[in-house]
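Welcome, and please take a moment to look over the sequence and the model below.

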Amino acid sequence: MNVLLDNLSLYGKGLLGTVELTVFASLLALVLGFLMAAFRVAPVGSLRALGTAWVTVLRNTPLTLLFFAVVLGLPRFGLVLPFNLFAILALGCYTSAFICEAVRSGINTVPVGQGEAARSLGMTFPQTLGGIVLPQAFRSVIPPIGSTLIALAKNSAIAGAFSVTELLGVYKPLNELGYSIIWTFVWIAVGYLIVTLTISALFNVLEKRFGVAR
Amino acid sequence: MTTALYDIPGPRTRQRHRLYGLASTALILALLGCVVYLLFSTGQFTAAKWTPFTYKGIQELLLRGLGNTLKAFALAAVLSLALGGVLATGRLSAHRPVRWVSTVLVEFFRAMPVLVMIFFIYVALQAEPLIALVAGLTLYNGSVLAEVFRTGVNAVDRGQREAAYALGMRKTQVMTHVLVPQAVRAMLPAIISQLVVALKDTSLGYLITYEEFLHAGKLIASNLDYDLPFIPVVMIISPIYIGMCMLLSWLAHWVSKRQRRNPKVEGVEVAAPEPGPLLPGGHRPPA
C-alpha cells in the first residue's frame, strides 16, 4: 500500500501517459482503419491492393519491431519527434490493420439488398458506403473494435520500454528507490485493469445503445 | 463478385475506375519514390553500411538471434498449448471451485499486458530472460488458448455429447473420445492464429535483453565501426520476421479453407477470442 501512497504522483503520471497513448493511438487507428477498410472494398484495384498490403504487412509485424523501426529508425531520416508521438504513430498504425479487418467483416454483415436499394436510388459509391453501409456495419462492429482497443491499451506497455512515460515504466524508479517490487507491480496491474475495464464498460454501453439486437 | 457496394461496372464506369486507378497508382508510386529518395539522400545505401552483412561473424550473430527467437517460440508454443489444455479442462470441470479458480486465472492473464507479466517475472522473480519471456508468453497465450479450447468443445453439437452419455460413457471418456477429437479440427485455425501472436510476441524478449533476433539487429545497428547501419538492419530483419508470421498466418488460413470444404467439421466454428470482453454481456457478432 505504501508504494502507491508514497508515489501517487508518479503512478498518476504513468496512468495519464498510458491513457493519453491509448486515446490518441485509438483515434489514429480508427481513422486509418476505416480508411483502409474503405480502400479494401473500393472498386479501384490499386487502392484495394494498397489496403491489402497495409493489413497483411502490419498484422504480421511484431509490434516491438515496429516500435524499433519507428522510434529508432525515423530519426535517421531527419524526422525527430517527441517519443510519445512516435509511440502513437506505431501503435496507431499497428492497430489500424486490426480495425480494418473488423470493419471489413462488419461490411460483409450488411445485407446486399441495402446496397442495391441505395444504388437504385442513384447513390454513388462514396454515398452508398458512407450513408448506408458503414453506419449499419458500425453497429455490428462495436464489440470487435472494443476488443481491439483493449489490446491497444495493453500493447501501449511496450512504449514504456522506448522511453515514453507510461504505467509500466513506473517500476524502474520505484525499483531503484527500493520499494517492494511485488507491490509495485500489483499497482501497475491494477492501473492496467482500470484502463481496460473502462474501455470494456464504454463499449458495453455503446453496444447496448447502438448494437444490433439479434 | 457480388458485393453490397457496387454493381458490375459498365464501360463508362470501367473507364472512370481505370482513371482513378491510374491516379492512385501514381500517388502511391510518388510516395514510394519519396521514401526511396529519402533512403538515398540520407546515405542508407552506401557500401560502408552494407558490407558488414557479408562478414561471417555478423551473419552468425543474426542466425544465432533467429535461432533463439525460434527456441523461445517453440517452448512458448508447446507450454501454452499444455497450459491451455489444463485451464480449459479446469473451466469445463464439474467441480465448482476448480471452475472458479481457472476462470479467474484465465480472465486475469488475458487482461494483463504480456509485457507486464514478462517484466514481473524478470524483475521481481529475477528469472533468466529466456525463462521470463517463455513464462510470460505461456501465461498469456495459454489462457487465450484455454478459451479457444473451451468454446471449441462447447461448439460441438449437443447431440454428440448426449449420445455418448447415453451409451454409458463417463465424462472423461465423452471428452477424450467424442468431443475433443471433433473440436480440435474446428479449433485448428484459431490455434494457429494464436501461435502467430506468440511468435510475434517473442520479440518482446528484446526488451528484457534476451538475445533474440531483434536484439542481434540492435547490436549490429548501434555499431560505430560499421557506420551505424540502422536502416539496413531494419530492412533485413523485418522481411524475415514478417515472412515467418505470414507463413504461419497463411497456414491457418489454408487449414480453415480446407475445413470449410470438409463436411465432417461443418457447423463448428471457433473464432479466436483474442483480447476478450472483460465484462459479462459483451458478445461478438457472427462474422
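## Annotated regions of chain A

In the UniProt record, an unreviewed entry, the annotation "transmembrane region" is placed on residues 21-41, 53-72, 79-99 and 181-206 of chain A. Positions from UniProt are given in the numbering used here, feature names are shortened, and annotations may be inferred rather than shown by experiment. In the predicted model, residues 21-41 of chain A are 95% helix and 0% strand, with 30 Å between the end C-alpha atoms. Residues 181-206 of chain A are 100% helix and 0% strand, and their end C-alpha atoms lie 38 Å apart. Helices (H or I, at least four residues) and strands (E, at least two) are DSSP runs, numbered from the N terminus.

The unreviewed UniProt entry also gives "domain: ABC transmembrane type-1" for residues 15-203 of chain A. That span is 81% helix and 0% strand, and its end C-alpha atoms are 20 Å apart.

## How to read the model

This is a predicted model, where local features need pLDDT of at least 70, side-chain atom pairs count only at pLDDT 80 or more, and totals for chains, interfaces and linings use all residues. Residues are numbered from 1 along each chain as its sequence is written, chains are lettered from A and ligands numbered from 1 in the order in which they are written, and side-chain values use heavy atoms, with hydrogens and water left out.

## Chain A as a whole

What secondary structure does chain A contain? Chain A has 10 helices and 0 strands, and its elements run α-α-α-α-α-α-α-α-α-α from the N terminus on. Its C-alpha atoms fill a box of roughly 70 × 45 × 20 Å along the principal axes.

Chain A has 214 residues, and 51% of them count as buried; buried means under 20% relative accessible area, exposed over 50%, and partly exposed in between (1.4 Å probe, protein chains only). Among contacts in chain A with a separation of 6 or more, 79% join residues 24 or more positions apart, where contact means heavy atoms within 4.5 Å. The chain exposes about 9200 Å², with 68% of that supplied by carbon and sulfur atoms. Accessible areas come from the Shrake-Rupley method with a 1.4 Å probe, and for residues only the protein chains shown count as cover.

## A look at L134(A)

Helix α7 of chain A, residues 125-155, includes L134(A). Is L134(A) buried or exposed? L134(A) is buried, because its relative accessible area is 19%.

Leaving aside neighbours within four places in sequence, L134(A) is in contact with F34(A), V103(A), I107(A) and L129(A).

## Chain B as a whole

Chain B also comes to 10 helices and 0 strands, following the pattern α-α-α-α-α-α-α-α-α-α along the sequence. Of its 287 residues, 45% count as buried.

In chain B, residues 24 or more positions apart account for 73% of the contacts with a separation of 6 or more. Chain B exposes about 15400 Å², of which carbon and sulfur atoms supply 66%.

## The second largest pocket

Rolling a probe the size of a water molecule over the atoms shows where empty space is left. The second largest pocket holds about 1500 Å³ of space. Its lining has 38 residues, and W54(A), L66(A), L74(A), L32(B) and V35(B) lie nearest the centre. The elements giving two or more residues to this lining are α2 (8-40), α3 (45-59), α4 (63-73) and α5 (83-109) of chain A together with α1 (11-41) and α10 (230-261) of chain B. The most comes from α1(B), with 10 residues.On a 1 Å grid over the protein atoms alone, a pocket is an open set of points with protein on both sides within 12 Å along at least five of seven lines, the 1.4 Å probe fits at its points, and lining residues have an atom within 4 Å of a point. Volume is the space filled by probe spheres set on the points, joined across faces, edges and corners.

## Aromatic rings

Over all chains there are 14 aromatic pairs. One of them, F40(B) with F45(B), is tilted, at 4.7 Å centre to centre and 45° between the planes. Rings of Phe, Tyr and Trp (its six-membered ring) pair if their centres lie within 6.5 Å; planes under 30 degrees apart count as stacked, over 60 as edge-to-face and the rest as tilted.

F67(A), F68(A), F162(A), Y206(B) and F230(B) form one aromatic cluster.
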